[in-house]
Amino acid sequence: MRRMGPYWILLVVAVAATFTLPVAILVFVPHSLASQENPAARLVVSVTTDRATYLPGQSVKISVRVTNAGNGIGYVSFGSTCQVSYSILAVDGPLVYDHREHVACDPVITNWTLGPGDARDFTFAWNQLSDSGIPVVAFRSYRVQGVLLSAKPSPGPSAETTIFVMSGAAGPNLAFTARTDKMTYVPGGSANVSVTLTNIGLETIVMHFGSPCFVQFLVVDQALQAVYNSSKWSACLQVLTDEILAPGESRNWVFAWGLTTDAGRPLVTGQPYEVVPSFMWGSASVYQWYVTQTNVATFTVAGFTI
């Protein structure tokens with residue numbers, strides 16, 4: 001017969017005492033009955049920004065922290081030198097900017113060892129441009145998502161926060177509008193694209209450029225990938241040029257385009273495209289932050305002869 005240990009004797013005495021004495025009883029439970037959690041790592045990602053609201057074009061400082069919130073040692077493996085990244089999404093879901101598309105990740109296996117409570121911190125800066133290099137729309141909220149790019153565990157944990165891009169203080173206020181001469185084109189045809197810049201503010205704006213070619217248009221496909229940039233096909237003399245626009249005044253440019261990609265290939269038929277006007281990248285892009293309204297044009301290339 002198995003003998004009762006001292007803990008079980010105390011338990012029996014305590015139970016019996018509840019029927020005889022009106023006193024508080026401290027019960028000792030044998031160690032084998034207590035729940036003992038197995039040590040395990042638990043990786044947690046947190047994302048913060050240096051502020052909640054930003055002016056158009058203001059740099060967004062993004063901090064991503066990976067913490068082992070568990071009580072065991074965490075072993076993390078990566079398939080490349082890119083270990084943590086971030087992306088910007090519209091509030092309703094579409095991807096605006098993916099940092100992984102703009103960095104080179106060497107295919108080198110790396111590893112972390114994180115003890116309980118240990119953390120790794122990463123800092124990024126986003127300049128409010130989309131993957132296509134177009135400034136994001138102002139007066140709108142955006143989701144900032146941080147993610148651990150681990151091969152094990154996979155998928156890695158992620159987290160997000162939200163920021164708001166304001167419309168900016170009173171001052172220069174410009175609008176770009178793009179138009180095409182048709183909504184549907186036939187393969188092998190050509191298009192005339194007009195770009196109009198309008199001062200919709202309350203004060204005259206004076207702009208200085210290094211050449212008379214300071215506006216451009218991008219053509220993006222339904223995946224929001226740029227397939228054509230007009231500035232790559234323009235040849236302009238480097239002549240200092242000033243542009244002065246009074247309130248309500250506009251300037252218009254017309255571009256002839258052969259419905260091809262930057263690689264010279266015809267556009268894919270049967271899908272919609274958007275024409276997005278902007279200032280040329282480079283020195284002229286400083287004025288892009290004055291643009292608070294961008295009106296794009298939409299067209300398709302038919303898969304048959306109209």
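Predicted model: local features only at pLDDT ≥ 70, side-chain atom pairs only at ≥ 80, totals over all residues.
Biologist: How many disulfides does the structure hold, and what pattern do they follow?

Modeller: The structure holds two disulfides. Bonded cysteines are counted along the chain. On that count the pattern is 1-2, 3-4.

Biologist: Which hand does the disulfide of Cys82 and Cys105 have?

Modeller: The sulfur atoms of Cys82 and Cys105 lie 1.9 Å apart. The torsion about their S-S bond is about -95 degrees. The disulfide is therefore left-handed.

Biologist: How many residues apart are Cys82 and Cys105?

Modeller: Cys82 sits in the loop between β4 (74–78) and β5 (84–90). Cys105 sits in the loop between β6 (95–98) and β7 (110–114). The pair links distant parts of the chain, 23 residues apart.

Biologist: Is Cys82 buried or exposed?

Modeller: Buried means under 20% relative accessible area. Cys82 has a relative accessible area of 15%, so Cys82 is buried.

Biologist: How far apart are the sulfur atoms of Cys213 and Cys236?

Modeller: Cys213 lies in the loop between β14 (205–209) and β15 (215–220), and Cys236 in the loop between β16 (226–229) and β17 (241–245). Cys213 is partly exposed at 23%, and Cys236 is partly exposed at 28%. These two cysteines form a disulfide, with their sulfur atoms 1.3 Å apart.

Biologist: What class of pair do the rings of Phe139 and Phe164 form?

Modeller: The structure holds 23 aromatic pairs. In this one, the ring centres are 5.5 Å apart and the planes stand at 75 degrees. Planes over 60 degrees apart count as edge-to-face. So the pair of Phe139 and Phe164 is edge-to-face.

Biologist: Which parts of the chain does that pair tie together, and how many residues apart are they?

Modeller: Phe139 lies in the loop between β8 (119–126) and β9 (140–148). Phe164 lies in strand β10 (residues 158–165). The pair therefore ties together parts that are 25 residues apart in sequence.

Biologist: What class of pair do the rings of Phe279 and Tyr287 form?

Modeller: Both Phe279 and Tyr287 are buried. Their ring centres are 6.1 Å apart, and their planes meet at 50 degrees.

Biologist: Which residues do ring pairs link into a cluster?

Modeller: Ring pairs join Phe, Tyr and Trp residues here. The cluster consists of Tyr185, Phe217, Tyr228, Trp233, Phe255, Trp257, Tyr273 and Phe299.

Conventions:
Residues numbered from 1 in each chain as written. Heavy atoms only, no water. Disulfide = S-S within 2.5 Å. Helix = DSSP H or I, 4+ residues; strand = E, 2+ residues; numbered from the N terminus. Buried < 20%, exposed > 50% of the residue type's maximum accessible area, 1.4 Å probe, protein only. Phe/Tyr/Trp six-rings, centres within 6.5 Å; stacked < 30°, edge-to-face > 60°.
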